[in-house]
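Please have a look at the model first, and then read on.

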Amino acid sequence: MNVPVTPNLISLVVPAFNEEENLPVLVERLHEVMEPLGPYEILIIDDGSTDQTKAVLRRLSQVHEQVRFISFSRNFGHQMALRAGYEHARGVCAISLDADLQHPPELIPTLVQKWREGFEVVYTVRKPDPTLSWRKRFTSRNFYKLLRAASDLDLEDGAADFRLLDRKVIDTLKTFKENDLFLRGMISWVGFRQCRIEYEPAARFAGTTKYSFKKMIQLAVMGITSFTTKPLYASVVLGLVMALFSVLFGLEVLYEYFFMDGIVSGYTTVVLLTLLIGGAQFIVIGIIGVYLGKTFVEVKQRPPYIIGDTSEIEEVITWQAP
Ligand code: UDP
Ligand code: MG
């Protein structure tokens, strides 16, 4: 897909899933900060919302010439929405931010300034937020820990999807054909001159979080399996450890048989060991299964997302009998 690049234009890429109340406010705030920075476009990706998001977007795009939108045919997830945004952005750089105003638009001039200084990736890291629920903090912290341990990525705690990418980086990302694109990891992986900025997250303006516990787990599994096959090797190590354990245990039993009284009682140990080995086997088969499943999904080469509607298509297309 070849989207023409407009000189000097800055793209803002906003994924939105059921954000009808936030979008009008977001667009106003973006206008305020973008006005002094030069020409810009606001590209909003409606990720299959079930509320009035699309109608709101249609109206916004008619009122503001800077607003464009893409509407997915169903919910494909935040990462896919971001990806579609990068693929359709027309700017010489693109800034992605959440629709709920948790990523303060007031930070955008700083991002742009760093980019003008020559950085090709300006990423942000959120400062710890004490008002977040313990569950969210716990999952977020361990998400990054697990990801660092399981892959060779150097991802920081609280790395957010609030970042500026230069056109060069966007064009690089566009060449990735994999379906499961874990952007946070991919951006640390591609290199280029990177700059880090810390920010204070704001509270969600309206609505509730769209990242359920299940979606977070899915993102973690996707993040790990997209970047590393280490869990497969960990399975081998687990197998070796258990084999070693069984040899040692066998020696101990032989010793008892020949040198002690000769009676080896065994019901409990047999049951426990069967369960242990059975459990370990299922885990390992599961890990292999996850990778196999991923291969299956990638091999099919389905489109990563489906666009149902855009601001470029007029709303009412009357069908006429031939
Ligand atoms: N989002 C999306 N698709 C989804 C879930 C979320 O496009 O399936 C968007 C959402 O509208 C928001 C951003 O991704 O703009 C971050 O989501 P959210 O604020 O719910 O996550 P949190 O900030 O709670 O981690
Ligand atoms: Mg949010």
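1. A word on terms before the sheet: two strands pair if DSSP finds at least two bridges between them. Strands (E, at least two residues) and helices (H or I, at least four) are DSSP runs, numbered from the N terminus. This is a predicted model, in which local features need pLDDT of at least 70 and side-chain atom pairs count only at pLDDT 80 or more, while totals for chains, interfaces and linings use all residues. Residues are numbered from 1 along each chain as its sequence is written, and chains are lettered from A and ligands numbered from 1 in the order in which they are written.

2. The sheet is open and has eight strands, in the order β7-β5-β6-β4-β1-β2-β3-β8, with mixed pairing. Its edge strands are β7 and β8, each of which pairs on one side only. On average, neighbouring strands are turned by 20 degrees against each other, direction ignored.

3. Let me walk through some of the pairs. Strand β1 runs parallel to β2 (residues 40–46), with seven bridges, and P15 stands opposite I45 in β2. The pairing of β1 with β4 is parallel too, over four bridges; here S11 has A94 of β4 as its bridge partner. By contrast, β4 and β6 run antiparallel and are joined by four bridges, with S96 opposite R163 in β6.

4. How are the two faces of β4 covered? C93 and I95 on one side, and A94 and S96 on the other, are all buried, that is, 20 or more other C-beta atoms (placed from the backbone) lie within 10 Å of their own; exposed means 12 or fewer, and partly exposed is in between.

5. Helix α1 (residues 22–34) packs with helix α2 (residues 53–63) at an angle of about 30 degrees, their axes being 9 Å apart. Axes are lines fitted to C-alpha atoms, for helices over the stretch in contact, and angles run from 0 to 180 degrees between N-to-C directions. So α1 is roughly parallel to α2: angles under 35 degrees count as roughly parallel, over 145 as roughly antiparallel, 65 to 115 as roughly perpendicular and the rest as oblique. L23, P24 and V27 of α1 meet T53, V56, L57 and L60 of α2, where contact is C-beta atoms, placed from the backbone, within 7 Å. By class, this contact has six nonpolar, one polar and no charged residues.

6. Which residues are closest to ligand 1? They are P15, F17, D47, T209 and K210, from a surrounding set of 16 residues, near meaning that the C-beta atom, placed from the backbone, lies within 6 Å. The elements giving two or more residues to this shell are β1 (10–16) and α3 (78–88). Its make-up is six nonpolar, five polar and five charged residues; Ala, Val, Leu, Ile, Met, Phe, Trp, Tyr, Cys and Pro count as nonpolar, Asp, Glu, Lys and Arg as charged, and the others, Gly among them, as polar.

7. Two backbone angles to check. F192, in the loop between α7 (183–190) and β7 (194–199), has a phi near 70 degrees, a positive value in a residue other than glycine. F192 is partly exposed, because 13 other C-beta atoms lie within 10 Å. Q301, also not a glycine, has a positive phi of about 55 degrees and lies in the loop between α10 (267–300) and β8 (307–310). Q301 counts as exposed because it has 9 C-beta neighbours inside 10 Å.

Note on methods
Contact = placed C-beta atoms within 7 Å.
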